[in-house]
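Please read each point with the structure in view.

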Amino acid sequence: MHTRPSTRNPNIDIGLAVLDIIRPAGIALPHRLIADVCGCSPQFIYGLEQSAIKKIKQQTSGDLQDFLND
């Protein structure tokens, strides 16, 4: 079972970049497949996904409210 890397693993970045290139548009990949390619746990990938979603919501919340109010 894979766990969270103790140091930054460049294979994760490379794996994500490759998956993004070969993945058909509009098709979501399962966390397990992404984790296997990147060499980490599916839980780590899930955490990355949740962190990215949270950042996107924070960055767009003000812009979205401004847009809706106009």
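**Notes on the structure**

1. Cysteine 38 counts as buried, because its relative accessibility is 1%. Here buried means under 20% relative accessible area, exposed means over 50%, and partly exposed lies in between (1.4 Å probe, protein chains only). Cysteine 40 is likewise buried, with a relative accessible area of 0%.

2. The model is predicted: local features need pLDDT of at least 70, side-chain atom pairs count only at pLDDT 80 or more, and totals for chains, interfaces and linings use all residues. Residues are numbered from 1 along each chain as its sequence is written, and side-chain values use heavy atoms, with hydrogens and water left out.

3. Are cysteine 38 and cysteine 40 bonded or too far apart for a bond? The sulfur of cysteine 38 is 5.3 Å from its closest cysteine sulfur, that of cysteine 40, and this is too far for a bond. A disulfide is a pair of cysteine sulfur atoms within 2.5 Å. A search of the whole structure accordingly gives 0 disulfides.

4. The protein has 3 helices and 0 strands, and its pattern along the sequence is α-α-α. Helices (H or I, at least four residues) and strands (E, at least two) are DSSP runs, numbered from the N terminus.

5. Which residues make up the largest nonpolar core? There are 8 residues in all: Ile12, Leu19, Ile34, Ala35, Cys38, Cys40, Phe44 and Ile45. The elements that give two or more residues to this core are H1, helix H2 (31–38) and helix H3 (42–69). H2 gives the most, with 3 residues. A nonpolar core is a set of buried Ala, Val, Leu, Ile, Met, Phe, Trp, Tyr and Cys residues joined through side-chain atoms within 4.5 Å. In soluble globular proteins, nonpolar side chains tend to be buried together.

6. Isoleucine 45, a member of this core, is in contact with His31, Ile34, Ala35 and Cys40, leaving aside its neighbours within four places in sequence. Contact means heavy atoms within 4.5 Å.

7. Serine 41 is placed in the loop between H2 and H3. Serine 41 counts as buried because its relative accessibility is 4%. Serine 41 and histidine 31 are 10 residues apart in sequence, and their C-alpha atoms are 8.4 Å apart in space.

8. Isoleucine 22 lies in helix H1 (residues 10–22) and, at 59% relative accessibility, counts as exposed. With Ile14, Val18 and Ile21, Ile22 makes a nonpolar surface patch of about 420 Å². Patches are made of residues with over 30% relative accessible area and no salt bridge; like charges are joined within 9 Å, and nonpolar side chains (Val, Leu, Ile, Met, Phe, Trp, Tyr) within 5 Å.

9. A salt bridge is a side-chain nitrogen of Lys or Arg within 4 Å of a carboxyl oxygen of Asp or Glu, and by this rule the count is 1. Arginine 23 forms a salt bridge with aspartate 20, with the closest N and O atoms 3.3 Å apart. Arginine 23 is partly exposed at 29% relative accessibility, and aspartate 20 is partly exposed at 49%.

10. Of the 70 residues in the protein, 17% are buried. The accessible surface comes to about 5600 Å², of which 59% belongs to carbon and sulfur atoms. Accessible areas come from the Shrake-Rupley method with a 1.4 Å probe; for residues, only the protein chains shown count as cover.
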